[in-house]
Each structure stands twice: as structure tokens, then as C-alpha cells.
Amino acid sequence: MDVQRVKQFTKMYFNTNHCHVNDINNDVFEVHLTEEMDKKIMNRPFYWHYVEATQSKGEPKTLLLGTHAQNDNKDIEPLYYGSTRFQQILKDLTKDVSFIQAFESVETNKKQALYPWLLVNIKISYESIQIKDEVFSLGLNLITGKIVVHMMEHLQQIPMHATISDFCYLLTPMITYESGFKRLEHILDVYIEEQSHDWAVQSMEAMENELELLDTFYATETKEKQREEGAIKERYKPTITFNVLSGGVIYVTNAFQPKKEK
Amino acid sequence: MNHIQIVKDTTFLPQLQNSLTNTYALSSWDAFNLSYEAELTTMNHSFDELKSLAHLPQIEFLPYQLDAAKRVLFKMDGRAILADEVGLGKTIEAGLVLKEYIIRGLVKKAIILVPSSLVSQWVEELQTKFNINAIAYRKNYRWEDIDVVVCSLDMAKKSPHHEDITNIPYDFLLVDEAHRLKNIKTLNNSFVRSIQKKYCLFLTATPIQNSLSEIYHLVSILRPGLLGSYDAFIQAFEDKEDEQKSILNQLVQQVIIRNTRKDIQQTTIKRHVETQWIEFTTEEQDVYDRIDNLASHLPPFTKLTLLRALCSSREACFLSIEKMLKQQDHPYKKELVEIADEISVLPHHAKAKKAMKYISSIGDEKVIIFTEYRATQFYLQWYLQQHGITSVPFRGGFKGTKKDWMKQLFEHHAQVLITTAAGGEGINLQFCHHLINYDLPWNPMKIEQRIGRIHRYGQENDVHITHIALKNTLEDRLMHILYDKVHLFERVIGRVDDILSILEIPNIDQEIQTILKDSDSESEVKQKLHQLTSIIEQETIQSEDQHYGRSES
């Protein structure tokens, strides 16, 4: 993310959390926190505890954020990708699984059917002594069973809304969420099956090597040796983890026909 | 494939059903998109790239530091001894490794054991440089509550901390000054061995001090068995010939990273140093001598200040006088006013002409001019401009943006940068290959810092250093005594500061000035300076011995 995107992203984050954002100048902007956000990100539980105890009205803080790395003004918090504040924001956004229900917004005066799609954004982590992730955004048409990859990118092309547009009605899914999720998971299983996984092979080799070294080091089977063995296996053990980041049900018109790609 | 454990996500489905019925738990479409983007930007795109660099734009890592961190992370599986020579930035390398692990989500709990005098320094470095929320251990803290804890080894190894710590599965252990673990019979060693750790870094500048067994024990904590059994190791390598030694070297290289100054100094890029001797014009020399002969009327320090300023520019000298005259009823007012009058009618400074000549002799090439005086800086800028040469001024006090901007101007729009800042200012000017020392600082180390601005990583051409010095002035003396005869500074740059603090000489500039002003004769000056340099030299050799112990091979 470049500086501009970090700034834009931060503003959007506060906006979606109902905080007012004002530009002070080209670099600096202020954020009027809501009480809820103050409690969430400002880390001053004693103050809020005091407010509650005295039944007074608390005053949420106003943040001053500046994108220029070296601000001399101590009141302005530096905002850049690695800054504490921005990392806090990313952490907040990623700590829980997000769920969504959204509808394509349609301007029409005729009856219009909306098709239900299951959306699953999933991260696959390959971990041994090091780690690598892949993120897949998968969509499954709960009527036809059609599967789409890069679902988020496709959805970002169409206007979405939290409520159904006038004249639109929802088709009832033929496929249950459970079975839909299983189908998507199966695709990923096959994908993983087809890969060569050199990383895991190398990791196992390294593990063997370390275990052999242990044998030369400890003349006898001691407790300490067993402990070391356990630790080595733990370190080098290759694991693939599926982690659903976010997902939900999206209703779109029949015009949503992204080409299948893989 | 058979050995890979696969862990599926089993919580998503029930949660999905739940949140679709309780719609208050749903995100807005905007928030949903933000969180997806947040996931994409935080994911680990590959096994072996440094993600942390994007987080740390304010740190300028040197290439060998990046190499060291990458080797630890991606080649040595996170278990290594960082053994760079003092002053090359082991802490920076270690901080980068830890940061990378944290960002990748591989390290959550880390423990950093250091000498007690360094605890707060480590905390400060990790917090301010790396944005790592490191916390110094204090009484009554619960060890398991702190994710990244810094503590003195001496405290940690004592009960009840000892037991508490060894019960926690740490992801990352770092021990600074790790040569303190080299003796297997000590509590230090057994304590650190018993800590549960995934990744582990030892920092020491002296991996081997006295015997081979030291390195054996250190390596054995990291990679037990890498050097075989103890008996076999000693038999194979102690007092053995070079061939064996090289085998040992190879083995040890799997776990030790050691950069030395010699290794990283650029060998291919040459440094051409030249002193251009010039003379004052008669008028200038007259004024100079006049100040010099006022000895009986002026206090020695005043005299020294004025002479030195005059060697730089009329303006510098003039301003110095003006400053002195601001004191009410200056006892030498009459003399000073007279000198000021004489200065005001002097022609252009002999040095300025020389510098001009040099600049025009090198075509369009960029030049940095270092001066000690702001007044000279202004004068030179004006003088060069009169001859159609563009220049930008630079000062140590410039703020970040202005600094960058001046650098940009110099790189793209001007031929000359005139600066009063010595170095260590975080500005790299490798695109420039010529440097003029317009006047000489009292402290010869400053010269090295100045040269370091251009003679550094990224420099692709030989660098040309020119001192301009005036004959028959105090510069003559400085040059001969400090710069020509005393080469010691060339050898020990970087550690001279340490040595000075051992000797309790807080400021070498002042020391030299004091010698110059308190001495009655040339020979006394020489003698005192010789004394000073020999003390420093001796201390240097001693401290080098302490630092590196017996030579390693």
C-alpha cells in the first residue's frame, strides 16, 4: 500500500465506524472518535471506567493523523503503513471473521429475480519453519452450482446494497450453505493435492537432519534428548491450514456471469 | 504430501448460519471490502521475502545487514549467532529478524535476555525503531502476560523467574552478549538451554575468546550435534592444521554470521586524497599576521578563533569580531574594530579562488564543499554564483523534508552542495564523487565522517578528496600535526568515541583547542598532541584485544 492508499484506507475505516473525518491540510486530517471507537482504540479503560462510575458524559478524543513521516508537531500522529495506528487498524479489521449479506442494487420498474451466491474468502497457510499464504475468493451460485474464483474482484464491479431494491425478489437456494461450502472446500482440496509441496519436503529433510545431529550429540537417550526431539519435530512439522477470512450470501441478478477461470 | 497435516476451518459454517439469522452481526459492504483488503495486504505472499521493510521506511538498512537478516530467516531456520564486529549493527539485524517473524505471525511470545545495563536501551530500540511493543520486566509482572519481554539474564536465571520462564513455550529467544553462555558449567548456560524456544538468536562480538570449547557450547545450544560430540570435536579441531580449520569454518558458517569492517569496506572503490597548498595574498597575509601579533593584547582563545575564521573567509572572521564586539565594553574593542576595518577591504579569499578553479577543472561533476562556518557557506554560494555555478546550502539542523528537498536539488539541479554538517545526518550522496574540505575541523574524525557521506555503499566511482590548506597559518600546523603524521584515526574510526569515553576525554575538539591555546611554543604543541595520540593509540590496541580476543581462524 502506498502512502495515498494508507491515508484513504484509514479515512474509510473511520467513516465506516461512524467517525467524522476532516482534512486539515494536504497531509493532516482529524478524526472525531465516537465513544465506541475511543474505547476500542485509545486504550484508556480507566477514563471510561471513571466516566461510568460518576455517570458523567465522557468526551471521546479527536485524533490528528499526518501522512508525512517526520512531523515536528507532537500532537500529530504519524500515519504510514508500518505505524502503530495503521497496524492497529489492520489488526482490528482482520481479527474476526466478517459476515456479509448484500444485494445488487437495481433500478427497475419490472419484477427482477436475484440469485443467491455463497461467498467465501479463504486463506490457506503453508507453514513449517517459515510460512506462506494464499487467499482465494470463491463464489458459488446456490441455484445452479456454478463456481467463480476472484469473486470479490467481480463483485466490486457492481453496486451493492444492504437492502433489496424495489421490484426485486429473492430466489430460494437449491443448494444448502453447508453443501455449498463443502463443494468449495473440495475444489481447494484438489488444488492442494495437485501441488508438489517442495516446501514440505525440504522441511522434512531439515527435520531428519536435525534429528540425526541430535543422535551424535547425546550418547544416551535422556529426557533432555527427548525434549529436544519433540521441539525439532514441532518446529519443522509441515502444516496446511484453512482459515475462512470472511464470507456470506450475496444476491445478484442473472446478469452476473463472470467467466470461469482457474 | 502424507506428512503434511491439514487443518480445516470448522467454525465458519455454524457462525455463518448464526449471523444470517442475527443480522446485527453482519458487516456493511464497505467494511467488508476494507477487511478483505486488510487481509490481502497482511498475508505472507512468499516464504522468503522481507515483508518488514515496508513497515520500516525510516530505517536505512545496509546491504550486509539485510543479507544477515535474510540468511537467519530463510537459510538458517531462525537459529543463529550474530557475531558482527562492534559497531556494525547486530541489534539492527536482530530487530529486523524479530520484526519479520512478528509480522509473519510466526512469533508472538519473545524473550530478550541482555546485560542489565542494556535493558532500557533494547526496549527503546525495539519500540522506537521497530515499533515492537517490547516491555522491560519489572517486579510483580507475570511473565506469561508479556508478549515481548526484555530482561537481564542475571535476573531471569534466578528463582522464581527461572521456573516461570522455562515453563513458557517461547517462539523467540534472543541473548545479547551471548559469550556469557560459553561455559557449560555455568547457570547462564544451563538456564538458556532449558528455555523452550522455536527461533533463537545469540549476539556476540567475540564468539571465540580463549578456546574452541566456547564455540562448541554456544553452537550446541542452537543446534545440538552440529559440531558432533564434545570429545570428537575437540579431538578433531584442537591444535590442528589449516585444513581441519577450514572444515570447522564451514561447519560454523551454517550457524554464525560475522561481518567485519574489513569484509564490508569497499575494496574496489579507491579514495584519492590530496592536499592543495595555497598562500594568502599579501594583503590577506598582512591582516593574518597582524591578528597573530596581537597576542599580547588578545586572549589566546580569541586569537585562535579569529585566525581560524580568517583562514575560512573574510565574512566568517568579520562575524566573529562582530559577535565579540556585541559584548559591552569589550576590553580589546579598539583592536577588534581596526581589524574589522582591514578585513572589509580584502580581496576575494584565496581559498575561494582555488575552490573555483577546482570546480571548473572537473567539468559537470558534482562537488560537496564542507566548511565549518555559516558565513563562509553564504559567501561561497554567492561567489560561485558570480561565476555561473549553481549551489545549494545544507545544514545539520535541516528537518527531514528540507533535507530531502536539498538533496534532490543537488542531485538534479545544482553542481555544488555547500554544507556545514559533518555527517551522521542521514543523508547519502553517493552520486557525488568529489569532496572539498574547505577548512579543517579540529577533530580529525570529522574528516572521516565527511568522507563517509560519499565513500559508502552504493558509490560506484573512485572518490576524490581535496583539502585546501593555507601555508604559513595555523592550518599549516593542524595539517602537519594532526592529519599527516597521525594516521591512527584512519584505522579506528567508529570506535574512537568509545575509547575517548574510557579515557574520560569528552570532547576531542576541545582537547585539541586547549592544547593549541595553552601552549607557548610550537614544540610544546607538538609534544602534547603526540602524547594525546599515543594514549589513544594504546587504548585502541587494548580495547581491540578485549573486543576480539585471540585472533580467530
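## Briefing: chains A and B of a predicted model

Arg308(B) touches Glu372(B), Tyr373(B), Leu440(B), Pro441(B), Trp442(B) and Leu474(B), leaving aside residues up to four places away in sequence; contact means heavy atoms within 4.5 Å. This is a predicted model, in which local features need pLDDT of at least 70, side-chain atom pairs count only at pLDDT 80 or more, and totals for chains, interfaces and linings use all residues. Residues are numbered from 1 along each chain as its sequence is written, chains are lettered from A and ligands numbered from 1 in the order in which they are written, and side-chain values use heavy atoms, with hydrogens and water left out.

**Arg308(B)**

- Arg308(B) lies in helix α14 (residues 300-312) of chain B. Helices (H or I, at least four residues) and strands (E, at least two) are DSSP runs, numbered from the N terminus.
- Arg308(B) is buried, at 12% relative accessible area. Buried means under 20% relative accessible area, exposed over 50%, and partly exposed in between (1.4 Å probe, protein chains only).
- The side chains of Arg308(B) and Glu372(B) make a polar contact of 3.1 Å. A polar contact is a pair of N or O atoms within 3.5 Å; within protein, one must be able to donate a hydrogen and the other to accept it, and residues adjacent in sequence count only if both atoms are side-chain atoms.

**The sheet of chain B**

- Six strands of chain B form an open sheet with parallel pairing, in the order β9-β14-β13-β10-β12-β11. Two strands pair if DSSP finds at least two bridges between them.
- From one strand to the next, the twist averages 20 degrees. Axes are lines fitted to C-alpha atoms, for helices over the stretch in contact, and angles run from 0 to 180 degrees between N-to-C directions.
- Strands β10 (residues 367-370) and β12 (residues 416-419) of chain B run parallel, joined by four bridges. Ile369(B) stands opposite Ile418(B) in β12(B).
- Helix α17 (residues 350-361) of chain B packs on this sheet. The helix touches β9, β10, β12, β13 (434-437) and β14 (463-470) of chain B, and its direction makes about 160 degrees with that of β14(B).

**The sheet of chain A**

- Four strands of chain A form an open sheet with mixed pairing, in the order β1-β2-β3-β4.
- β1 (20-23) and β4 of chain A are the edges; each has a single partner strand, so one side of each has no neighbour in the sheet.
- β2(A) pairs with strand β3 (residues 62-66) of chain A in the antiparallel sense, over five bridges. Val31(A) stands opposite Leu63(A), and Glu30(A) opposite Leu64(A).
- β3(A) and strand β4 (residues 77-78) of chain A run parallel, joined by two bridges. Gly66(A) stands opposite Pro78(A).
- Val31(A) is in strand β2 (residues 28-32) of chain A and is buried, at 0% relative accessibility.
- Val31(A) and His20(A) are 11 residues apart in sequence and 5.7 Å apart in space, C-alpha to C-alpha.

**The interface**

- The contact takes 66 residues from chain B and 81 residues from chain A.
- About 6600 Å² is buried between the two chains, and carbon and sulfur atoms give 63% of it. Buried area is the accessible area (1.4 Å probe) that two parts lose on being put together, summed over both.
- Trp29(B), Tyr36(B) and Phe47(B) supply 12% of the area that chain B buries against chain A, more than any other three residues.
- Between chain B and chain A there are five salt bridges. A salt bridge is a side-chain nitrogen of Lys or Arg within 4 Å of a carboxyl oxygen of Asp or Glu.
- Arg5(A) forms a salt bridge with Glu37(B), the closest N and O atoms being 2.5 Å apart.
- α2(B) gives the most to the side of chain B that touches chain A, with 14 residues.

**Salt bridges within the chains**

- The structure holds 32 salt bridges over all chains.
- Glu475(B) and Lys351(B) form a salt bridge, with closest N and O atoms 2.7 Å apart. This pair links helix α21 (residues 474-484) of chain B to helix α17 of chain B, across 124 residues. Both Glu475(B) and Lys351(B) are buried.
- Lys40(A), Asp92(A), Lys95(A) and Asp96(A) are joined into one network by salt bridges that share partners.
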